[in-house]
Amino acid sequence: MSLSFSNKEGVTIPIRIINNLINEKDTLSELDSFVGDGDHGINLAKGMTLAKKKISVANDTMSSGFEKIAHALENEVGGSLGPLFGFFFEAMSSESKDHQAIDGQVIYDMMTAAAEQVAYLTEAKVGDKTIVDVLFPAVDAYKESWEQTQITQSALTAMGRSAQEGLKATANMLAAYGRGHRLGEKVIGHQDSGAMTMNMIFQTFISEVEKLVA
């Protein structure tokens, strides 16, 4: 069964994602100190704080909220972080903005577009200790479940489980990019900060959708 909620009601989703990522900035930066430059959470929170100032429950929808997150990340956050997550949220916005009701099929289209946009920007593949270790398997899990069942809750559960498994798997990976790549085997035992961020986004999205359709 494809449960749905209104795009207007869904404004709580980007707001909750923003708040959760800001609250976890120290955890993300601490993790990044083992596999990156140690500033992942700080830079992410900078973009999220700017987006938070521009989003309101009264005037925004889920789609416009995602668009404002995207613009804040793309315009204000440097390195690969801004464009990758910015394009992710931009695609989520673009695929949903013409829909007043958000159901399982719209979520399918949003997730598909988001994964495709990130794939367009990066050559990273699953196993490289990056955000795609969570993103690609999670989206594939949602799509496979939705195509088989047409049950939104089942697809969301499959996506959440796969995202968690993808994050956990990064701890045993060598890094293919950035400072982590130069550190070699020293990164073994530490999860990737970008993958953790992506997992937080998925888990928050799922939790908020479940509240909206309850």
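## A buried aromatic pair

Phe 88 and Phe 89 are both buried in this structure, which is a predicted model. In total, 3 aromatic pairs are counted. The ring centres of Phe 88 and Phe 89 lie 5.2 Å apart and their planes stand at 85 degrees, so this pair is edge-to-face, given that planes over 60 degrees apart are classed in that way.

Phe 88 also pairs with Phe 202, again edge-to-face, with 6.2 Å from centre to centre and 85 degrees between the planes. Because Phe 88 belongs to helix H5 (residues 81-96) and Phe 202 to helix H10 (residues 193-213), this pair ties together parts that are 114 residues apart in sequence. Phe 88 and Phe 202 are both buried, and together with Phe 66 and Phe 89 they form one aromatic cluster.

## Packing of helices H6 and H7

Helix H6 (residues 104-121) packs with helix H7 (residues 132-149) at an angle of about 150 degrees, and the axes of the two are 10 Å apart. With that angle, H6 is roughly antiparallel to H7, since angles over 145 degrees fall under that description. The crossing in which H6 passes H7 is left-handed.

## Residues of the helix contact

On the H6 side, the residues that make the contact include Ile 107, Tyr 108, Met 111, Ala 115 and Val 118, while on the H7 side Leu 135, Phe 136, Val 139, Tyr 142 and Trp 146 are among them. Taken over both helices, the contact residues divide into 12 nonpolar, 3 polar and 2 charged; Lys 143 and Glu 147 of H7 also take part in the contact.

Conventions:
Residues are numbered from 1 along each chain as its sequence is written. This is a predicted model: local features need pLDDT of at least 70, side-chain atom pairs count only at pLDDT 80 or more; totals for chains, interfaces and linings use all residues. Side-chain values use heavy atoms; hydrogens and water are left out. Rings of Phe, Tyr and Trp (its six-membered ring) pair if their centres lie within 6.5 Å; planes under 30 degrees apart count as stacked, over 60 as edge-to-face and the rest as tilted. Buried means under 20% relative accessible area, exposed over 50%, partly exposed in between (1.4 Å probe, protein chains only). Helices (H or I, at least four residues) and strands (E, at least two) are DSSP runs, numbered from the N terminus. Axes are lines fitted to C-alpha atoms, for helices over the stretch in contact, and angles run from 0 to 180 degrees between N-to-C directions. Angles under 35 degrees count as roughly parallel, over 145 as roughly antiparallel, 65 to 115 as roughly perpendicular and the rest as oblique. A crossing is left-handed if the near helix is turned anticlockwise from the far one by less than a right angle, and right-handed if clockwise. Contact means heavy atoms within 4.5 Å. Ala, Val, Leu, Ile, Met, Phe, Trp, Tyr, Cys and Pro count as nonpolar, Asp, Glu, Lys and Arg as charged, and the others, Gly among them, as polar.
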